Amino acid sequence: PFPVVYQIPVPPSTNNLYANKRGGGRTKSQRYRQWIRVATLDLRQQDACLFPHPCILSVSIPSNVQGDASNRIKAPEDLLVALGVLVDDSKKYVREVRAKWVPAWCPCQVSLTATNQ
């Protein structure tokens with residue numbers, strides 16, 4: 001089956017999703033909150049809708065981005081759940097996760113491919 005592909009802004013690294021709160025605890029970082037706002041608008045403009053099947057979730061990261069590709073998976077995965085594109089990110093629905101580098105001129109993309117696994 002063909003994947004459903006969405007362009008998204010490059011997600012922040014998992015290392016930058018949360019910040020310490022004064023007095024203790026953790027909160028979403030300013031950078032993460034801003035990314036959520038922009039990525040939400042982008043996904044809505046692309047008419048992102050429910051993908052109810054077990055899937056392979058893939059994130060393509062432009063090669064000019066610093067850091068580990070695998071650290072760029074959590075933010076889009078959580079956003080797809082929050083927007084109702086994925087039912088949830090449990091192993092029942094997300095059967096495999098992939099991150100790959102693409103040429104610097106390529107957009108950042110997240111794709112969902114149905115699987116029978």
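This note sets out numbered points on the structure shown above.

1. Basis of the model. The structure is a predicted model, in which local features need pLDDT of at least 70 and side-chain atom pairs count only at pLDDT 80 or more, while totals for chains, interfaces and linings use all residues. Residues are numbered from 1 along each chain as its sequence is written, and side-chain values use heavy atoms, with hydrogens and water left out.

2. Overall fold. The chain has two helices and six strands; helices (H or I, at least four residues) and strands (E, at least two) are DSSP runs, numbered from the N terminus. From the N terminus on, their order is β-β-β-α-β-α-β-β. The radius of gyration is 14 Å, close to the 13 Å of the globule rule for 117 residues, so the chain is as compact as a globular protein of that length. That radius is taken over C-alpha atoms, and the rule is 2.2 Å times the number of residues to the power 0.38.

3. Of the 117 residues, 38% count as buried, where buried means under 20% relative accessible area, exposed over 50%, and partly exposed in between (1.4 Å probe, protein chains only). Among contacts (heavy atoms within 4.5 Å) between residues at least 6 apart in sequence, 76% join residues at least 24 apart.

4. The nonpolar core. A nonpolar core is a set of buried Ala, Val, Leu, Ile, Met, Phe, Trp, Tyr and Cys residues joined through side-chain atoms within 4.5 Å. The largest one here has 23 residues, and those touching the most other members are Trp-35, Leu-57, Leu-80, Leu-86, Val-110 and Leu-112. Two or more residues of this core come from each of α1, β4, α2 and β6.

5. Helix α2. This helix comprises residues 74-82, and its buried residues are Ala-75, Pro-76, Glu-77, Leu-79 and Leu-80. Their cover includes α1 (30-45), β4 (55-62), β5 (94-102) and β6 (109-114). After α2 comes Gly-84, with a positive phi near 80°.

6. Thr-40. Thr-40 lies in helix α1 and, at 11% relative accessibility, counts as buried. Apart from residues up to four places away in sequence, Thr-40 touches Leu-79 and Leu-83. Thr-40 and Leu-79 are 39 residues apart in sequence, yet their C-alpha atoms are 7.7 Å apart in space.
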